[in-house]
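Below are some notes on the aromatic contacts and a few related positions. Please read them alongside the coordinates.

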Amino acid sequence: MDYNYFEDFKAGNQRVLEFCIQQNRSSLLFFAYKFIRDETVCEEIVADSFFKLWQHRARMTDLSHIQYFLFKTTKNACLNHIEKEKSSPFVYHGLEGIDQQDDRNIQFDMIYAEFIQLLCAELDKLPTQQAQIFRLSYLEGYSTEEICTLLNTTANNVFYAKSKVLSHLRQRFGRNDMLLALFLAPYLFQHL
């Protein structure tokens, strides 16, 4: 989205909103799923975030503000949902309640969601069991033994699948990018 699209968005052009939804929806869904493991609830939260963006479009200052607003709104809605499930109120503070640390966390979450989206797009190109083993191991933290039990397979198959996926990712992203991603992975997943 360039400056002209941004101005059209602020002016109320719904086609630009549709483009914005197309560009950001999957990252926001993944981001919401990190908090709430219910796809239907995540869909509702993300749809509501776009609705709120549309309501507040005149307040947006630039393209990065739109993306930040979407992630912040989605995060707040997820936290509200979690608190509601616990039957205790959680107060939404809106944009006024954003501090510098929260800003850094949202930026990190945006980068993380984009990274995982790229990773998942590559995993979708692989055989189903290899991708499933990689997701269970690296993204969900299951041990080799747990994966063997879940998928009714052997440890050798798990190791083989993981090595095939890592080989594919190295080819796709290059050795340096892959090493950086693997180096950052523990920090990324610890941050969740």
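1. F31 is buried in this predicted model: its relative accessible area is 1%, and the cut-off for buried is under 20%. F35, at 25% relative accessibility, counts as partly exposed. Both residues belong to helix 2 (residues 14-35), where a spacing of 4 residues puts them about one turn of the helix apart.

2. The structure contains 3 aromatic pairs. One of them joins F9 and W54, with 5.6 Å centre to centre and 70° between the planes, an edge-to-face arrangement. F9 is in helix 1 (residues 3-11) and W54 in helix 3, so this pair ties together parts that are 45 residues apart in sequence. Both partners are buried: F9 has a relative accessible area of 0%, and W54 has 16%.

3. The rings of F31 and F35 also pair: their centres are 5.4 Å apart and their planes stand at 90°, which makes the pair edge-to-face because planes over 60 degrees apart count as such. F31 and F35 form one aromatic cluster together with F71.

4. W54 has a further contact, with a charged group. The charged end of R57 sits over the W54 ring, at 4.1 Å from its centre.

5. D48 is a residue of helix 3 (residues 39-55). With 32% relative accessibility, D48 is classed as partly exposed.

Notes:
Residues are numbered from 1 along each chain as its sequence is written. This is a predicted model: local features need pLDDT of at least 70, side-chain atom pairs count only at pLDDT 80 or more; totals for chains, interfaces and linings use all residues. Side-chain values use heavy atoms; hydrogens and water are left out. Helices (H or I, at least four residues) and strands (E, at least two) are DSSP runs, numbered from the N terminus. Buried means under 20% relative accessible area, exposed over 50%, partly exposed in between (1.4 Å probe, protein chains only). Rings of Phe, Tyr and Trp (its six-membered ring) pair if their centres lie within 6.5 Å; planes under 30 degrees apart count as stacked, over 60 as edge-to-face and the rest as tilted. A charge sits over a ring if NZ of Lys or CZ of Arg is within 6 Å of the ring centre and within 35 degrees of the ring normal.
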